[in-house]
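Subject: Handover of a structure and its findings

Dear colleague,

Please find below the structure that I am handing over to you. A summary of the findings follows it.

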Amino acid sequence: MDQARKKALREEYDQRKPDMGVVCWQSGDRLWMAVSKDAKADYNRSLFQLRLGSWPNKELQAAFTADPESFRWSLLKRLDYEEREEDHREELELLYLLCQEEYPQAQPMRPGGVH
């Protein structure tokens, strides 16, 4: 691949506007939620770690290991935003709190909170 093509692909990647919001792994009536600044990347990373058996939330990992076919990934709430470079932490935290109200049975996907 030539340098011009690499540069064009890098610029295209840098300009993309990834889905941000609250993501969820669900199995039956069990939900695990987290804030995500890039839902697609978080899906790929979490699925890889779950398949590897190295997800930090041991309860989620045990449930996935027992029945991986029952799990599905979703973007529960999408954050509408204009600029990718802006700090969206507060809006994402608020969106997470709204999801907690809507899904009181949901647990944090990662130990230690919403991130």
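In this message a residue is called buried when its relative accessible area is under 20%, exposed when it is over 50%, and partly exposed in between, with a 1.4 Å probe and protein chains only. The model is a predicted one, in which local features need pLDDT of at least 70 and side-chain atom pairs count only at pLDDT 80 or more, while totals for chains, interfaces and linings use all residues. Residues are numbered from 1 along each chain as its sequence is written, and side-chain values use heavy atoms, with hydrogens and water left out.

Overall architecture

The protein contains four helices and four strands; these are DSSP runs numbered from the N terminus, with helices being H or I of at least four residues and strands E of at least two. Their order along the sequence is α-β-β-α-α-β-α-β. The C-alpha trace spans about 50 × 30 × 20 Å along its principal axes. The protein has 115 residues, of which 36% count as buried. Among contacts (heavy atoms within 4.5 Å) with a separation of 6 or more, 64% are accounted for by residues 24 or more positions apart.

Surface and charge

L94, L97 and L98 make a nonpolar surface patch of about 280 Å². Patches consist of residues with over 30% relative accessible area and no salt bridge, where like charges are joined within 9 Å and nonpolar side chains (Val, Leu, Ile, Met, Phe, Trp, Tyr) within 5 Å. Of these leucines, L97 belongs to helix α4, residues 89-102, and it counts as partly exposed because its relative accessibility is 46%.

The protein carries 18 positive and 22 negative side chains, and the centres of the two sets lie 6 Å apart. Here Lys and Arg count as positive and Asp and Glu as negative, whereas His and the chain ends are not counted. The place of a charge is taken as NZ of Lys, CZ of Arg, CG of Asp or CD of Glu.

Salt bridges

Side chains of opposite charge can pair when their charged atoms come close. A search of the whole structure gives six salt bridges, each being a side-chain nitrogen of Lys or Arg within 4 Å of a carboxyl oxygen of Asp or Glu.

Which residues form a network of salt bridges? D42, R45 and R110 are linked in this way. Between D42 and R45, the closest N and O atoms are 2.9 Å apart. Both residues lie in helix α2 (residues 39-52), three residues apart, which is about one turn of the helix. R45 is partly exposed, since its relative accessibility is 39%, whereas D42 is buried, with a relative accessible area of 8%.

D42 also pairs with R110, and there the closest N and O atoms are 3.9 Å apart. This pair links distant parts of the chain, 68 residues apart: D42 is in helix α2 and R110 is in the segment after β4. R110 counts as buried because its relative accessible area is 12%.

Another salt bridge joins R89 and D87, at 2.8 Å from N to O. R89 is partly exposed at 48% relative accessible area, and D87 is partly exposed at 49% relative accessibility.

Yours sincerely

How values were computed: Areas by Shrake-Rupley, 256 points an atom, 1.4 Å probe, with all protein chains shown as cover.
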